[in-house]
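Open the model in your viewer and get ready to select residues by number. We will go stop by stop.

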Amino acid sequence: MRSVIDITDLSKEELYGLIDTANDIIENPGKYAHACAGKKLATLFFEPSTRTRMSFEAAMYELGGSVISMTDGASSSASKGESVSDTAKIVSCYADIIAMRHPKEGAALVAAKAATVPVINAGDGGHCHPTQTLADLLTISREKGRLDDLTIGLCGDLKFGRTVHSLINAMSRYENVRLVLISPEELRLPDYVYNDVIVKNGMKCVQTSDLSWALPQLDVLYMTRVQRERFFNEEDYLRLKDSYILTPEKMGHAKPDMIVMHPLPRVNEISVKVDDDPRACYFKQALYGKYMREALILSLLSANPEK
Ligand code: NCD
């Protein structure tokens with residue numbers, strides 16, 4: 001029984017394996033249509049979600065499995081004071097695999113220790129979000145044709161943005177990846193990511209607050225939302241929320257083959273006018289997330305497609 005709490009729980013070889021499986025699912029969905037027949041996925045979401053929860057659920061249905069779901073902590077026994085550990089033990093009695101999102105950093109790890117089935121971290125507070133990274137890796141690999149030799153700009157809320165933390169962890173394993181960290185001073189990457197991942201792995205990296213300066217250098221621009229729910233006071237959020245807005249005019253300074261990614265939801269940081277630019281990949285990215293979640297569920301349940 002194995003859980004995925006952090007993207008580093010998966011080896012580089014396993015990541016390539018999941019990407020291969022996801023590509024095969026895209027090509028041959030019929031082969032996988034019954035692979036998880038008789039299995040149940042439980043989605044436990046103590047925080048709002050559209051893409052992550054629904055793509056997990058769609059993924060399980062497309063594998064022939066079924067889903068039981070808790071979409072809101074307030075309607076569960078958590079509101080009566082039940083611990084994450086107890087909830088995880090109980091849900092293990094009803095499901096073969098659990099995907100869990102929680103506002104507290106470390107909650108998924110606590111659940112995994114108590115559960116008797118695999119637990120997938122679907123986001124724990126401002127900490128990490130490994131399955132978003134799986135979506136991101138498939139997007140970069142399909143749209144750029146490689147995961148090495150890339151200059152990646154990460155822009156927006158690098159402090160609280162868990163998708164960024166997990167993506168940096170993943171990219172530290174590939175060759176010749178250069179990071180351009182674009183954020184206001186107050187929303188810079190936390191030290192535990194900067195020192196323990198970027199510095200420790202000797203990654204090439206620059207920090208700036210200037211998106212226009214960074215843009216022409218980038219192969220990938222990863223925009224993020226300012227994470228309102230993690231701020232201690234609303235005034236800071238209001239001051240910082242519109243720090244970066246990507247517009248068609250700014251896209252004019254980017255490479256013709258740069259791709260724009262965003263884990264979504266976007267609030268204001270990408271103008272809707274950018275959506276028609278062929279370099280805008282964020283909607284495809286959300287679709288790719290479903291295939292990578294299928295690949296991950298298959299792997300954790302040791303389920304096999306038809307030959
Ligand atoms: C992200 C998240 O929940 O961290 N959304 C997602 O899962 N696609 C990004 C965000 O909420 O800004």
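Is asparagine 169 buried or exposed? Select it and see. This is a predicted model, and in it asparagine 169 has a relative accessible area of 18%. The cut-off for buried is under 20%, so asparagine 169 is buried.

**Stop 1: around asparagine 169**

Stay on this residue. Asparagine 169 sits in helix H6, which covers residues 162–171. Now show its contacts. Leaving out residues up to four places away in sequence, asparagine 169 touches Ile7, Thr8 and Val197.

**Stop 2: two crossing helices**

Two packed helices are described by the angle between their axes and the distance between the axes. Select residues 12–27 for helix H1 and residues 130–144 for helix H5. What angle do the axes of H1 and H5 make? They cross at roughly 70° and come within 10 Å. Angles from 65 to 115 degrees count as roughly perpendicular, so H1 is roughly perpendicular to H5.

Next, show the side chains where the helices meet. On H1, pick Leu15, Leu18, Ile19, Ala22, Asn23 and Ile26. On H5, pick Leu134, Leu137, Leu138, Ser141 and Arg142. Colour them by class. The contact of H1 with H5 has eight nonpolar residues, two polar and one charged.

**Stop 3: the aromatic rings**

How many aromatic pairs does the structure hold? There are four. Go to one of them: phenylalanine 231 and tyrosine 237. Their ring centres are 5.9 Å apart. Their planes stand at 75°. Planes over 60 degrees apart count as edge-to-face, so this pair is edge-to-face.

Check the surroundings of both rings. Phenylalanine 231 is buried, at 15% relative accessible area. Tyrosine 237 is buried too, at 6%. Ring pairs link Phe160, Phe231 and Tyr237 into a cluster.

**Stop 4: the cysteines**

How many disulfides does a search of the whole structure find? It finds zero.

Is cysteine 155 buried or exposed? Its relative accessibility is 0%, so cysteine 155 counts as buried. Finish at cysteine 36. Cysteine 36 is buried, with a relative accessible area of 0%.

Definitions and conventions:
Residues numbered from 1 in each chain as written. Predicted model: local features only at pLDDT ≥ 70, side-chain atom pairs only at ≥ 80, totals over all residues. Heavy atoms only, no water. Axes fitted to C-alpha atoms, helices over the stretch in contact; angles between N-to-C directions. Helix = DSSP H or I, 4+ residues; strand = E, 2+ residues; numbered from the N terminus. Parallel < 35°, antiparallel > 145°, perpendicular 65-115°, else oblique. Contact = heavy atoms within 4.5 Å. Nonpolar A, V, L, I, M, F, W, Y, C, P; charged D, E, K, R; others polar. Disulfide = S-S within 2.5 Å. Buried < 20%, exposed > 50% of the residue type's maximum accessible area, 1.4 Å probe, protein only. Phe/Tyr/Trp six-rings, centres within 6.5 Å; stacked < 30°, edge-to-face > 60°.
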